[in-house]
Amino acid sequence: MSLAASALIEVRDLRKSYESPAGTTEVLHGLSYDIRHGEFVAVMGPSGSGKSTMMNILGCLDTPTSGSYALAGKATAQMDSDALARLRNDEIGFVFQGFNLLSRTTLEDNVALPLVYRGVNREARRRTANEILAKVGLEKYAKSRPNQISGGQQQRVAIARALVGKPKILFADEPTGNLDTQTSREIMTLVQGLNRDEGITVVLVTHESDIALFADRLIHLVDGLIDYDGPTAAYFRERAA
Ligand SMILES: Nc1ncnc2c1ncn2[C@@H]1O[C@H](COP(=O)(O)OP(=O)(O)OP(=O)(O)O)[C@@H](O)[C@H]1O
Ligand SMILES: [Mg+2]
């Protein structure tokens with residue numbers, strides 16, 4: 001089977017519960033789907049429907065209570081935290097709504113950070129970080145700090161940091177949530193280019209239909225269950241009719 005035809009992400013009956021003094025609450029009630037190499041998937045759903053919970057599991061930042069999740073053919077259920085961290089470092093770039101940049105650190109060093117964990121030497125880190133900064137149009141700002149650039153530029157730095165390890169997948173949880181419409185479009189055009197030109201698989205959470213429409217496929221969650229999984233355009237066409 002060719003790589004292009006195989007599933008990069010395989011999720012089967014994925015469940016997640018949280019324990020509290022009041023008892024156990026299940027927030028993901030059994031999700032199943034495949035995502036193939038090169039897909040661009042949007043995830044939507046009401047607040048509290050489980051989008052971030054699901055994304056954190058896909059991003060190997062959290063583990064499911066039951067069910068299975070395989071990434072690039074590797075089952076994650078039996079992995080310890082070190083193995084998950086390695087998988088995350090090798091295969092995944094993660095972008096958050098709040099950018100999560102180190103404020104006292106230059107953009108170059110922010111972007112280079114994931115390479116420190118890979119044992120890449122300082123000179124090679126610098127070189128790679130600057131190449132990626134150029135890709136997101138910020139080469140001039142390599143020595144600046146996050147508070148010296150705009151929100152949209154900070155999000156581009158966060159995307160650069162997510163890309164520096166050459167991940168197969170980019171997970172983004174409301175990457176445009178703090179940005180104005182014009183800046184959001186610029187970020188989405190950047191992400192779309194990475195998907196189309198470099199074949200990076202993208203899974204992106206958003207609350208906005210015009211952002212979701214950049215993605216070919218939509219997974220829509222309601223109360224921890226998938227109520228739609230199909231072409232994005234068809235979803236909005238059906239609801240507009
Ligand atoms: N660490 C946690 N402990 C207990 N409950 C949690 C925890 N994290 C999330 N939840 C609960 O799980 C449910 C889903 O939360 P989640 O953050 O996944 O929603 P979401 O779809 O991302 O919402 P939003 O659009 O507001 O970001 C919510 O009811 C939330 O209160
Ligand atoms: Mg969320």
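Let's start with Leu115, which sits in helix α3; helices here are DSSP runs of H or I with at least four residues, strands are E runs of at least two, and both are numbered from the N terminus. The model is a predicted one, where local features need pLDDT of at least 70 and side-chain atom pairs count only at pLDDT 80 or more, while totals for chains, interfaces and linings use all residues. Residues are numbered from 1 along each chain as its sequence is written, chains are lettered from A and ligands numbered from 1 in the order in which they are written, and side-chain values use heavy atoms, with hydrogens and water left out.

Is Leu115 buried or exposed? Leu115 counts as buried because its relative accessibility is 5%, and buried means under 20% relative accessible area (exposed is over 50%, partly exposed in between, with a 1.4 Å probe and protein chains only). What does Leu115 touch? Leaving aside neighbours within four places in sequence, Leu115 is in contact with Val120, Arg125, Thr128, Val164 and Gly165, where contact means heavy atoms within 4.5 Å. Gly165 is 50 residues away from Leu115 along the chain, yet their C-alpha atoms are separated by 6.6 Å.

Now for the sheet. Six strands make up an open sheet, in the order β6-β7-β8-β3-β9-β10, with mixed pairing; two strands pair if DSSP finds at least two bridges between them. At the edges you'll find β6 and β10 (225-231), each pairing on one side only. From one strand to the next, the twist averages 15°. Such angles run from 0 to 180 degrees between N-to-C directions, and the axes are lines fitted to C-alpha atoms, for helices over the stretch in contact.

Walk along the sheet from β6. β6 and β7 pair in the parallel sense over four bridges, and Ile92 has Ile169 in β7 as its bridge partner. Next, five bridges join β7 to β8, which run parallel too; here Asp173 has Val205 in β8 as its bridge partner. Further on, β3 (residues 40-44) and β9 (residues 217-222) run parallel and are joined by four bridges, with Val41 standing opposite Arg217 in β9.

Stop at β7 for a moment: five of its five residues are buried. In a regular strand the side chains alternate between the two faces of the sheet. In β7, Ile169, Phe171 and Asp173 are on one side and Leu170 and Ala172 on the other, and both faces are covered.

What lies against the sheet? Helix α2 packs on it, touching β6 and β7 (169-173), and the direction of α2 makes about 85° with that of β6. Helix α6 lies across β3, β7 and β8 (201-205), running at about 150° to β8. Gln192 has its place in α6 (residues 181-198). Gln192 is buried because its relative accessible area is 17%, and, not counting residues up to four places away in sequence, Gln192 touches Phe40 and Phe214.

Finally, look for the largest pocket, which has a volume of about 450 Å³. A pocket is an open set of points on a 1 Å grid over the protein atoms alone, where a 1.4 Å probe fits, with protein on both sides within 12 Å along at least five of seven lines; lining residues have an atom within 4 Å of a point. Its lining has 21 residues, of which Asn89, Ile92, Phe94, Pro114 and Arg161 lie nearest the centre.

Conventions: Points joined across faces, edges and corners; volume = space filled by probe spheres on them.
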